[in-house]
Amino acid sequence: MTVLLRSLETALPSTVMVQSEVRDVFAEQPGLTRLGRRLVGAAFDSSGIDTRYTAVEELTLQQKTENPVFFDSETMEILRPGTKARNELYAEAGTGLFVGAAQKALDAAEEIGPDDVTHVVTVSCTGFFNPGPDYKIVRALGLRPSVQRYHLGFMGCYAAFPALRAAKSFCDADPDAVVLVVSAELCSLHVRSSNDPDTIVGTSLFADGAAAAVVSARGDLAPPSRPYLTLDCFETTLTPVGEESMAWNIGDEGFEMVLGNYVPHIIDDHIVGALAPLLESDESLHGVDYHEIEHWGIHPGGRSILDKVQARLRLSDAQLVPARETLRDYGNMSSATVMFVLKHILDHPGAGRPGGEPDMEPSTAESDAGRAERVCAMAFGPGLTVETALLTKVSA
């Protein structure tokens, strides 16, 4: 039975943060030491990011807020709201992102309507509320009240893969299952000014966004008319070191990201071993060099992580285009980010292939019709956890 990811859509909040402008604001915060200012400049300038999106409408230089909670645009000061205030905005703005992405994915899933959905799996690590996003999606999209609902909370940047793995398991167990997977993260709710290097790195990277997919193996449905993915295999691995290098804790002033500067080195040392169980599961990939796998959907946890993965696996620049362009345009949106990368692979026929044309428009790639290409995807998170997936891209 082949499980298809029949649609994949994304959603973003409306407020854009320009990286150079945000850098200048953070570099001038009161209480920042001379070293802190230098670290802010270095982290932001080397991030590989041009723009990010935020659900915190105050985080802009373009408007004034009478009673600011997060950012006072008159004094240019980053404020320090408590966790309750941050989580309240998560519940309000997050609902819109969850529902918006879910609706787009369902609308894009040909031959599937609200009554067909049997399972909803939601993913997030940046806030909590109950009735939660799974409930809000069922109500807003008019799904059947008997839909089975699951929420994967507080897992971190790799959580989209456990969600897709669960969706595949549901479809393998029930041929009629239609699973809606939705990830939404509001990382910018937790930004703060600090002299701590780990906090500064996180502030330079994290952003807000949502992604949703419809997954099914129903045999009565025709293949999608647009490029789609088959979900082939998933694996998870814990590296032997790194537990203290990447973590996500709850503090009195929001959630606190620990992103040590040694994380890229840990990934560099252990990525080959982490990939081994995944590639061993498919006989067609035995003895194949990494660069011979057409597409690589790598979670862009940061530019240095992508640099290490590319060098260690000897991947081409074209194979890193989906990850690097996602990082450049959207930043690190935690669990939603790798789904943005996979959507880039779907929407740009030449991107990612060894020697491909990353800027090729979909309309110019008619010769790709019917082509099947392997995709190796991965994401990293607290633990240090490495989640990997094998997929196949099928050009309709």
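Predicted model: local features only at pLDDT ≥ 70, side-chain atom pairs only at ≥ 80, totals over all residues.
**Stop 1: the largest pocket**

Select Ala-43, Ser-46, Val-201, Asn-261 and Ser-304. Of the 22 residues that line the largest pocket, these lie nearest its centre. The volume here is about 430 Å³. Now colour helices H2 (34–45), H6 (197–205), H7 (263–280) and H8 (303–313): each gives two or more residues to the lining. Which helix gives the most? H6 does, with six residues.

**Stop 2: Ser-216**

Move to strand S9, residues 208–216, and pick Ser-216. Is Ser-216 buried or exposed? Its relative accessibility is 2%, so it counts as buried. Show the neighbours next. Leaving aside residues up to four places away in sequence, Ser-216 touches Thr-2, Val-3, Leu-4, Arg-6, Cys-171, Ala-177 and Val-178. Zoom in on Ala-177: its backbone oxygen lies 2.9 Å from a polar atom of the Ser-216 side chain.

**Stop 3: salt bridges**

Side chains of opposite charge can pair when their charged atoms come close. How many salt bridges does the structure hold? There are 19. Three of them follow.

Start with Lys-343 and Glu-9. Their side chains meet in a salt bridge, at 3.7 Å from N to O. This pair links distant parts of the chain, 334 residues apart: Lys-343 sits in helix H10 (residues 337–347) and Glu-9 in strand S1 (residues 4–11). Lys-343 has a relative accessible area of 15%, so it is buried. Glu-9 is buried as well, at 10%.

Next, select helix H3, residues 83–108. Glu-88 and Lys-84 both lie there, four residues apart, about one turn of the helix. Their salt bridge brings the closest N and O atoms to 2.4 Å. Check the surface around them: Glu-88 is partly exposed, with a relative accessible area of 46%, while Lys-84 counts as exposed at 62%.

Then go to Arg-374 and Asp-232. In this salt bridge the closest N and O atoms are 3.2 Å apart. It links distant parts of the chain, with Arg-374 in strand S14 (residues 372–381) and Asp-232 in strand S10 (residues 228–238), 142 residues apart. Arg-374 counts as buried at 17% relative accessibility. Asp-232 counts as partly exposed at 29%.

**Last stop: a network**

Select Glu-9, Arg-226, Lys-343 and Asp-347 together. Salt bridges that share partners join these four into one network.

Methods:
Residues numbered from 1 in each chain as written. Heavy atoms only, no water. 1 Å grid on protein atoms, 1.4 Å probe; cavity = no way out; pocket = protein on both sides within 12 Å on 5 of 7 lines; lining within 4 Å. Points joined across faces, edges and corners; volume = space filled by probe spheres on them. Buried < 20%, exposed > 50% of the residue type's maximum accessible area, 1.4 Å probe, protein only. Polar contact = N/O pair within 3.5 Å; in protein donor to acceptor, adjacent residues only side chain to side chain. Contact = heavy atoms within 4.5 Å.
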